[in-house]
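I opened my notebook to look up how a few strands pair up and what lines a pocket. Here is the structure I had on screen.

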Amino acid sequence: MSDENKAKILIVEDETKLARFVELELKHEGYTVFVANDGRTGLELFEASQPDVVLLDLMLPELSGIEVCRRIRKTSDVPVIMLTAKGEVMDKVIGLDSGADDYMTKPFAIEELLARIRAALRRTPSADEGDETILKLQNLTVDTARHTVKLGDNNIELTKREFELLVCLIKNKNIVLTRDQILNKVWGYDYIGETNVVDVYIRYLRTKIDDKYGVKLIHTIRGVGYYAKDED
Ligand code: CA
């Protein structure tokens, strides 16, 4: 048995039937499972159980999934997979800087959920990669150990995923990466959901860096992908 099957998983979901179903499936896989049916209990259970992955419904009584995620992010880098109902726009889920790592639209296939949990457990934080901790791109300095980004003297605040995407682009600077390559490098597996999650995050980075400071770091190659451009 690999260690990942001993991992602790917290489910925060107010649809009790769904929560129960997922709980049983995860227990069957060997995980230790905690379940909360509202946001506030979810947060309490998070503190008490210190899970390795959190499955977090978006629309919850007491505290919304977004708010729960924000509060978790104040103290923890634990992978958070948001569960959203059909019709709740992805932008809404990930666009509010909630810090979620991933999302799944309900109804989902349990196999896909299991695959994403395994991927989340395998993923190592970029700060642990060792080698160089200071990355540079033009006037931009990224410290992967301290998780800071500076453009000249300006501090840039990025969410965890935005940070990982930026690091990926800089480590591959001047090389065009396809959306699939970016998904594999940043999201860590063969993503089954919409690949436009990459476009969405590129847009966030541009808003926070390129647009805000009038620079041109992230370039698009139409129909191919993206790259970060260093000085000529
Ligand atoms: Ca719900």
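First, a reminder to myself: I call two strands paired if DSSP finds at least two bridges between them. I also note that this is a predicted model.

Entry one, the β6 and β7 pair. I looked up strand β6, residues 134-137, and found it paired with strand β7, residues 140-143, in the antiparallel sense. Four bridges join β6 and β7. Across this pair, L137 stands opposite L140.

Entry two, on to β8. Which way does β7 pair with β8, parallel or antiparallel? I found the antiparallel sense, over four bridges, with β8 covering residues 148-151. L140 turns up again here, standing opposite L151 in β8. β7 and β8 form a hairpin too, with four residues between them. H147 sits in this turn and has a positive phi of about 60 degrees.

I read off about 380 Å³ of space for the largest pocket. Its lining has 17 residues, and the closest to the centre are H147, E157, L158, T159 and K160.

Last, I sorted the lining residues by type: four are nonpolar, six polar and seven charged.

Definitions and conventions. Residues are numbered from 1 along each chain as its sequence is written. This is a predicted model: local features need pLDDT of at least 70, side-chain atom pairs count only at pLDDT 80 or more; totals for chains, interfaces and linings use all residues. Side-chain values use heavy atoms; hydrogens and water are left out. On a 1 Å grid over the protein atoms alone, a cavity is a set of points where a 1.4 Å probe fits but cannot get out, and a pocket is an open set with protein on both sides within 12 Å along at least five of seven lines; lining residues have an atom within 4 Å of a point. Grid points are joined across faces, edges and corners, and a volume is the space filled by probe spheres set on the points. Ala, Val, Leu, Ile, Met, Phe, Trp, Tyr, Cys and Pro count as nonpolar, Asp, Glu, Lys and Arg as charged, and the others, Gly among them, as polar.
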